[in-house]
Amino acid sequence: MHRRGGRKIMYRRDFLKQAAVSAAALTTGCAGKDQPSTFPGGAQPLIDAHCHVFNASDLPAARFMRQVVFEDFPKQTADRLMGIRDPDVADRFIELILRLLGADKAPEADAEIAYLKAGQRRRSSAESVANARAAAIEDTAEFLREIDSRMRGSGAETMGGTAAIARAASQRGDQKFLDFFVGPEIQTRRLDVSLMSATEARAASRDAFTNRGAITRYLNWFSLFRLYRHVLVDRLIADAKRQGFKVELLAPALVDYDEWLFEDVTKTPLAKQMEVMDYVSRRADRPAVHGYIGFDPLREVAYRAHAEGATVSSMATARRALTDHGFIGVKLYPPMGFRASGNQGPYPQRTVDRLGFRPDRQLDEALDDLYRLCVELDAPILAHGYSSNGSGPSYADRGDPAYWLPVFKKHPNLRVCLAHFGRFDARSKGREKLSLPEGSWEWALGEFIRANPRQRVFADISYFSEALSGNPEVRVLLANSFKRWTGEFDPTAEHLIFGTDWIMLGQEKGYEHYLASVNSFLRQDCGFDDDICERIFRSNAMQFLPLQRGSKGRDRLLAWYTRRAVDPSRLPVARSSVLAGIFGR
């Protein structure tokens, strides 16, 4: 939860955390409100400069759920221990989530490559949303039967002791979970009969995927992580078309969390994700697809320090993705635990123990090398830029624009976009005494943009779920902040970019009209005209991304089109604009 003007407002992924941790949230779901009016796109050309099409085999799902979503952080120093939850409904729900997100539930890269090349190794459950949902329903039904069997098998304890107490607590958690899914009255009657049948479990599972409010929404969202990556691309294109937008380019970001979460992606490591996205980008008769390669400076530090098991260089992977595999840029995720500059701890104790040192200076050096590489190859950087999703205590604050300002000054030719702009509720370092929005991350970034309008520094409004709100107070407050920000720092909105943050956005109620809702917010709530909206939805992204004729980045992409024998005409070309004129392109 976040506060604005004394009023609590729920943002983005906070509900998932509450739904999983609170049994009450599990049973009541999410109170619905009237959805805001929407404004269809009218065939508005669209560049989605920030999306994701990864599936479960690409992610360290178990640690990500525990550390990032549920904030069960590892110890930062020798005297702080990881919290241990008591067995309860939340634990069973997490068990189910991890079952649905299991890496074996989604096609790994080699399987998808074989499918795209020759239709081999076909997995029907990954070919459509309906098939993925049906498979997830079956897995949930199987999970319910396992819980039922486990609960009954634990039996009544006749002796005391710690083990008996733990088993009794586990049984109570299983009972509560089945009460939720099956219904307490039905479950009480069922306890006198045999184990749950497949038919009973399937009926309960179908009901959970259909009639349980917010829980239904999340269960269906989890099923999307079983799909082929190219199917997720096609779904995003189709969703945009249905809302009246014509997609010209998608820029999906890969992520690299392994080192910070201490869980290696084994099914589809980053190098394999790079390869499969190359094949996804080659498909004909579709909009252009060019992604961002994930870069983790800690992985690079470990590689340079010859740490045990550190055999992969993030720098080498990034260079290969950008020069050989059609990637447009690089994705950074500071909330994992690093800053864009000026790094300092604390870090997870296990990380320091493995390296043998605190990697303050080494992280700065690895990042500075990346910035130089991106300038050399004319590759933009997309960075998480909102105070959320940290892998440790206060790590979310490490995405603060304050840490980017020295980078902007040192590397003036670097293209950077800070993601998730527009909430105005996180205070930037050095601005803690200022009221909001003046003390916000957005204001810190805006002051730099106003002083350096020619520099390619941008912010995107990806995952702007507030546009789905039907609360007039929230919308008016946000619209006023948007208008103030543009008026003070960027009068013609030359530095704001649109992104969906799909597939992450798929968990939101109202996602099916998200683009139209954002369009409505910009036009009706903010009063932005056609020219400004066109820039946000398309033209500004063409200045952030290297799409200008004769630019090093465009030439780099065109070389990939030639090598892969793909028609380059679908790659958008930046037209003349005020910003292009300022930049001299």
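## Terms and model

Buried means under 20% relative accessible area, exposed means over 50%, and partly exposed lies in between (1.4 Å probe, protein chains only). By that cut-off Arg415 is buried, with a relative accessible area of 1%.

The model is predicted: local features need pLDDT of at least 70, side-chain atom pairs count only at pLDDT 80 or more, and totals for chains, interfaces and linings use all residues. Residues are numbered from 1 along each chain as its sequence is written, and side-chain values use heavy atoms, with hydrogens and water left out.

## Salt bridges between loops

Side chains of opposite charge can pair when their charged atoms come close. The whole structure holds 40 salt bridges (a side-chain nitrogen of Lys or Arg within 4 Å of a carboxyl oxygen of Asp or Glu).

Arg415 takes part in one of them. Its partner is Asp378, and the closest N and O atoms are 2.8 Å apart. The pair links distant parts of the chain, 37 residues apart: Asp378 sits in the loop between H17 and strand S8 (381-384), Arg415 in the loop between H18 and strand S9 (416-419). Helices (H or I, at least four residues) and strands (E, at least two) are DSSP runs, numbered from the N terminus. Asp378 is also buried, at 9% relative accessibility.

Arg299 and Asp258 form a salt bridge, N to O 3.4 Å. Arg299 belongs to helix H14 (residues 297-304) and Asp258 to helix H12 (residues 258-261), 41 residues apart. Both Arg299 and Asp258 are buried.

Asp368 and Lys410 pair at 3.0 Å, N to O. Asp368 is buried, with a relative accessible area of 12%. Lys410 is exposed, at 53%. Shared partners join Asp368 and Lys410 with Glu300, Arg304, Asp369 and Arg372 into one salt-bridge network.

## Packing of H13 and H15

Helix H13 (residues 270-282) and helix H15 (residues 314-324) have axes that come within 11 Å and cross at roughly 5°. Axes are lines fitted to C-alpha atoms, for helices over the stretch in contact; angles run from 0 to 180 degrees between N-to-C directions. H13 and H15 are therefore roughly parallel to each other (under 35 degrees; over 145 is roughly antiparallel, 65 to 115 roughly perpendicular, the rest oblique).

H13 brings Leu270, Ala271, Met274 and Asp278 to the contact, and H15 brings Thr317, Arg320, Ala321 and Asp324 (contact means heavy atoms within 4.5 Å).
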